[in-house]
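I opened the notebook to record what I looked up in this model. The entries follow the order of the searches.

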Amino acid sequence: MKKFLVCMLLSVTSIAVAQKVVFKKGKVLYDKVPIANVDDKKGVYTISTLENEPVIIADPRITNERLFYVRVNLPEDNEKVLLVPPTHKKFSMSKAKIVIDEFTFGTYKIFTPQGIDKEAAKAIMTYDDSAFREKLKKNNQAYADLEGYAKEFKEQKWKFNDFGEFGKDENGKFVVYGKIKRYKDSGGMNVVYDIYFYDNTTKSFFIVGKWNEKRDRMFVLNNGETYFLPDAYSLPDFSLDMDSLAKAMVYLTKR
């Protein structure tokens, strides 16, 4: 009971802290006290002092349903735009909330009870975003690649039947080449895909690759080849005909 009360107290405290800073009617309110002005134009936020001195421009982005970052620059340096991955890990789909959480609880605490910390805003511009830009580039390429693999699956006339098997129509008959098995891991949280080939000699299936959501979403083949396949295309509760991840696995193993 004591542990429960402690957890409840921590939860309430966390909620209270999270509600300290809000954007309301063009103002940044910290504990209901105005500390700055905020101008929202199509999800791009210009933060200014109460004296209307622009301090920072923040453009939060949500890409591929998983990767979050904030494009930031100082008003006097529009040519320099940095991609800053949020250091405050609380999940949010609200762009305003991403900006509020990041600049209140993240590495660069711009919103303070005393007002706007202009030095924290300038400190952001020293951040080296080259590694993050490369990660974002690879991530976006992975999404484009997977869409291409799924398209090739269709163009090469692969099909799934109602038993999770994939194959092709040959001489008026559906010939099975393998199957896809989708399930949850032992913890019941992460989705796993197994792909099998069919051996006509033994009349049995043997596993040739596996994709595990928990294992960095890597598709690993028995021959050692690995591919990053984003989980946004995983639809384990739908038919395989609608599951682009499953289609990509078939294409990659049979190309």
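Which residue takes a positive phi just after α4? I found that Lys157 does, with a phi of about 65°. The model is predicted, so I noted that local features need pLDDT of at least 70 and side-chain atom pairs pLDDT 80 or more, while totals for chains, interfaces and linings use all residues. Residues are numbered from 1 along each chain as its sequence is written, and side-chain values use heavy atoms, with hydrogens and water left out.

**Helix α4.** I took helices (H or I, at least four residues) and strands (E, at least two) as DSSP runs, numbered from the N terminus. The 26 residues of α4 (residues 130-155) should span 38 Å at 1.5 Å a residue, and the end C-alpha atoms lie 37 Å apart, which agrees; the expected span is 1.5 Å times one less than the number of residues. I then listed buried residues (under 20% relative accessible area; exposed is over 50%, partly exposed in between; 1.4 Å probe, protein chains only). In α4 these include Phe132, Leu136, Tyr143 and Phe153.

**Cores.** I looked for nonpolar cores, sets of buried Ala, Val, Leu, Ile, Met, Phe, Trp, Tyr and Cys residues joined through side-chain atoms within 4.5 Å. The largest has 30 residues, and Phe23, Ile47 and Phe111 are among those that touch the most other members. Helix α2 (residues 95-105) gives the most to this core, four residues. Apart from it lies another core of 27 residues, among them Tyr149 and Tyr227.

**Sheet.** I traced seven strands in an open, antiparallel sheet, in the order β10-β11-β12-β13-β14-β15-β16; two strands pair if DSSP finds at least two bridges between them. β10 (159-160) and β16 (226-228) are the edges, each with a single partner strand, so one side of each lacks a neighbour in the sheet. Six bridges join β11 (residues 165-170) to β12 (residues 173-184), and Asp169 has Phe174 as its bridge partner in β12.

**Helix α5.** Helix α5 (residues 244-254) packs on the sheet and touches strands including β10, β13 (191-199) and β16; contact means heavy atoms within 4.5 Å. Ten of its eleven residues are buried, so α5 is largely enclosed by the rest of the structure. Asp243 caps its N-terminal end, with a side-chain oxygen 3.1 Å from the backbone nitrogen of Leu245.

**Pro60.** Last, I located Pro60 in strand β5 (residues 54-63). Pro60 counts as buried, at 0% relative accessibility. Its C-alpha atom is separated by 8.6 Å from that of Tyr45, 15 residues apart along the chain.

Note on methods
Axes are lines fitted to C-alpha atoms, for helices over the stretch in contact, and angles run from 0 to 180 degrees between N-to-C directions. A polar contact is a pair of N or O atoms within 3.5 Å; within protein, one must be able to donate a hydrogen and the other to accept it, and residues adjacent in sequence count only if both atoms are side-chain atoms.
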